[in-house]
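Q: Let us read this structure feature by feature. Please give the general idea each time, then the case at hand.

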Amino acid sequence: MALTGMDIFKLLPKTNCQECGVATCLAFAMKLAAGQAELDACPHLSAETREKLEEASAPPVRQVIIGTGEHALKVGGETVLFRHEKTFVNNPGIGLFINDAMSDQEISQKLEAFKKLAYERVGLILKADIIAVKSQTGDAQKFTTLIKKVIDAGIVTLALMAENPDVLAAGAQAAAAFRPLLHAATIENFDSVVKIATDNKCPLVVKGTSLDEVAELAGKLAALKFKDIILDCGSESFVKSFQDNVIARRCAVVQKLRTLGYPTIVFPCLMTDDPLYEAVIASAFITKYAGIIILSEVQGHNLFPLALQRMNIYTDPQRPMATTEGIYEVNNPDENSPVVITSNFSLTYFIVSSEIESSRVPTWLLIKDAEGLSVLTGWAAGKFSADSIAPFIKKSSIEEKIKHRKLIIPGAVASISGELDEALEGWEIQIGPREASALTPYLKNWKAA
Amino acid sequence: MPIEILKQQYAGKVKTLTFGSGGKQISLGGEEIYPFYTFEGSMPWAPRIAIQVLDYNPEEWPEALKEPYADVLHDPVAWAKKAQDVYNADMIHLWLKSTDPNGLNRSAQDAALTAKAVADAITVPLIVWGTANSDKDVEVLKAVAEACHGREIIIGPVDEANHKQLGAQALANNLTLIANSPIDINLAKQLNILLSNLGVPIEKIIIDPTTGGLGYGIEYTYSVMERIRQAAITQNDEKLQCPFFCNLAEEVWKTKEAKQESGELMGDARKRGILMEAITASTLLNAGADIVVMRHPDAIMQVRRYIADLGGFAAPKSAELPVADTKKVSVSYTPGASVQSSVATSLKAGSLCKIVQIMDMPAGLAPGYAIALIKSIDHDEEGEGIVLSTHAEAEKIPEPVKQAEESVTSAPAGRREKKPEFKPAAAWIPLQEAAGKAQPGVPTEKHDWRARISDRDEMLKQAKTDQRYWYSESHGSEKRKKPA
């Protein structure tokens, strides 16, 4: 694991051909080690070297892709225990559970909700990712009919679950074009289910009654050069499953234990009958390491908070989230409404916009690109300074929308008001409060003239 | 072949804080493991839920949140009593929001009267919270501390600007302080050092890392808490071995998403608010929170269950409960508590029900309450709700049992005889055992910074140069690798 640049350099052709776009092989090796370049960029690697390097540079929790093309769900790929050490890489997939014993109406409603619910936030789309289809009846015909129904509804990221290998095989064939995740290979059915997964080129869940058993099965499968593995510790107990996830991640990341170095799948839908509690259980698995989380229902009131939590926890702490630069209309402003400016750090944006919204004062909110930095940091870095704000105001077309020429700047950068006053001809610069929480009284007392 | 599990090496332990005396004692902190990693160590006390009470009528709250408190929102004393008696608050968090100079700007004297009245009305520990206006808070919390002299209250937020004044109050009135720093491990540590320098024992400090709401920066709080706890228990940094306080309720309920009406995309408004609050709490609990400040009773119930399940503060199984029969029994629905279904809402205190099954007995609920599947006899409906299951509390049922001889015989009097059979949840046992043993409010061991430091210069040096943290080589809010 974690080869240094020099280790990698030794395996490269050392011809400095520059075909990878980097000046020397050594520089390319350094970039590889830092994760800034892809191995594929070098056209001269032997298959053997490539495998060696891939193996060595693979993350401790292997990345597994379920589905195909734009609908593919990427899970795993994790390298740390705590997000402050580096970052959590791939969002855990949020899944919806259905089975072939449910009524047509229930299925339709669930699929409808699954497709419809999506939330846009800081340029990301938050939504559920995968449908787990289970053969409850054990009838292959019913199973494949249901799978086809789901595919016909336009949902092609699937996990197929069946106890009987024959039924699972029928399902896998029905969805073969979409690379569904198959659930599950166990001690009893290992050979037959592995064959189904291999034949259909599908990722496969190994399921055991304990971590030991799961690790053993995963090891056995890996020995067959099978790589797309998901772990299911088989527990319907919340606390047991939580602990298994913690231990598996620790074994993979700290001990470099390959046999547990795969994403996990958990089923909060089997852990409680209370749909609200199910969401709370799911939230524990978002913070602690699950790869795929299957719920019994997906509705606005449970999906939205969970997707939000997932986005927060999986935000890269090295890169602040940013909002798009521009003019935001809050509470239907008109030509006499106040104009407030702040930076595009998403947290700043959310707090300021939500404060203005709750003040009910119609306001123009200008978001200035400060490369995702907060107001003070942005100012210190020269990204939220008078000479960059002035041209932004001029080209933003805000002048066409308002009659007055008054700009409210954050109190934290009161010191730029003089400079800005000079740079922005015809505008009066007003100093707003330091904290967003004081915006409501400020805006309520604000007058255009 | 069994896999070999690497145990995390822990080197330190969070201080245990104990409040109250006699049977009303409550402890928190004490963790020597990462949150809920009970397979490798001990987490002796369940994290506590403090129910928030405001000192004015919060008209701005969404309907779903006002509803359970509708009868008490105008009266902080009644509100606190309801939170304690009906919703079983572990602690009360009294937020003196009306003293905000940018708001109602009520006087410190008014605030002190309110705080005193609330303190006198409740038996659980009281947290009195200011408005994060450093100067006003000094005035208000000083008045509160003097008015409540003799009661060990907890006050906050204490920040760098007012730590001297409030630290002095803490020493004079035997208070516990909640030290607030802006999402930064080094600033949290620095504030603790400053307070220690004043003579405030580390056992009298709770860390408020500043809480960001779900979708509004919770990830910053989450990571800084993880990092602080890591320093406390794996690096044995004594200056950070304090329990965490997370003031999350306001952060959740002030967001537009928690206030939004029901709709196709955002789902049911009430359930959404409850889940936003519960998931914010569960996230922070997983980062190490010891006190979570909450509001909605249903969110609180979810979180209690979460803590009981994950922390192994296990509830007794249904078989151990004396009421787990399917005979007709008198069941009292506690108004406004868990409302899982229509039946629970339609039931009145003292309604006649059949308990179909005891589903859960969360440790956090008072003995005598359980979550059960109940069938209403009056309404012929079925549903889940909190029921008053047994003994003492039954006397408090405001309405008499209505009918049926059969139920009368098995009603409170009959079942009270079975009281000795009642097995309290595991979480209750340490509390009872602790009575008499723990020393309320007195540090159990001498903190050792004084031993090492002889004069003020050295103290300042310690404050400035003591170990500092950064997240990793490449990034993080803290890149200061050199001493300040």
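Q: With which residue does B:Lys189 form a salt bridge, and how far apart are the closest N and O atoms?

A: A salt bridge is a side-chain nitrogen of Lys or Arg within 4 Å of a carboxyl oxygen of Asp or Glu. Here B:Lys189 pairs with B:Asp237, with the closest N and O atoms 2.7 Å apart. B:Lys189 sits in helix H6 of chain B and B:Asp237 in the loop between helix H7 (218–233) and strand S9 (244–246), so the pair ties together parts that are 48 residues apart in sequence. Helices (H or I, at least four residues) and strands (E, at least two) are DSSP runs, numbered from the N terminus.

Q: What kind of model is this, and how is it labelled?

A: This is a predicted model: local features need pLDDT of at least 70, side-chain atom pairs count only at pLDDT 80 or more, and totals for chains, interfaces and linings use all residues. Residues are numbered from 1 along each chain as its sequence is written, chains are lettered from A and ligands numbered from 1 in the order in which they are written, and side-chain values use heavy atoms, with hydrogens and water left out.

Q: Are B:Lys189 and B:Asp237 buried or exposed?

A: Buried means under 20% relative accessible area, exposed over 50%, partly exposed in between (1.4 Å probe, protein chains only). Both B:Lys189 and B:Asp237 are buried. In H6(B), 11 of the 14 residues are buried, including B:Leu191 and B:Leu194.

Q: What span should helix H6 of chain B have?

A: Take 1.5 Å times one less than the number of residues. For the 14 residues of H6(B) (residues 185–198) that gives 20 Å, and the end C-alpha atoms are 20 Å apart, which agrees. Just after H6(B), B:Gly199 has a positive phi of about 110 degrees.

Q: Where do B:Lys142 and B:Glu146 lie relative to each other in helix H4 of chain B?

A: An α-helix has 3.6 residues a turn, so residues three or four places apart point the same way. B:Lys142 and B:Glu146 are 4 residues apart in H4(B) (residues 134–147), about one helical turn. Their side chains meet in a salt bridge (3.7 Å, N to O). B:Lys142 is partly exposed at 37%, and B:Glu146 is partly exposed at 46%.

Q: Which strands stand at the edges of the sheet in chain A?

A: Two strands pair if DSSP finds at least two bridges between them. In chain A, 8 strands form an open parallel sheet, ordered S10-S9-S8-S7-S6-S3-S12-S11. S10 (229–232) and S11 (265–266) of chain A are at the edges, each with a single partner strand, so one side of each lacks a neighbour in the sheet.
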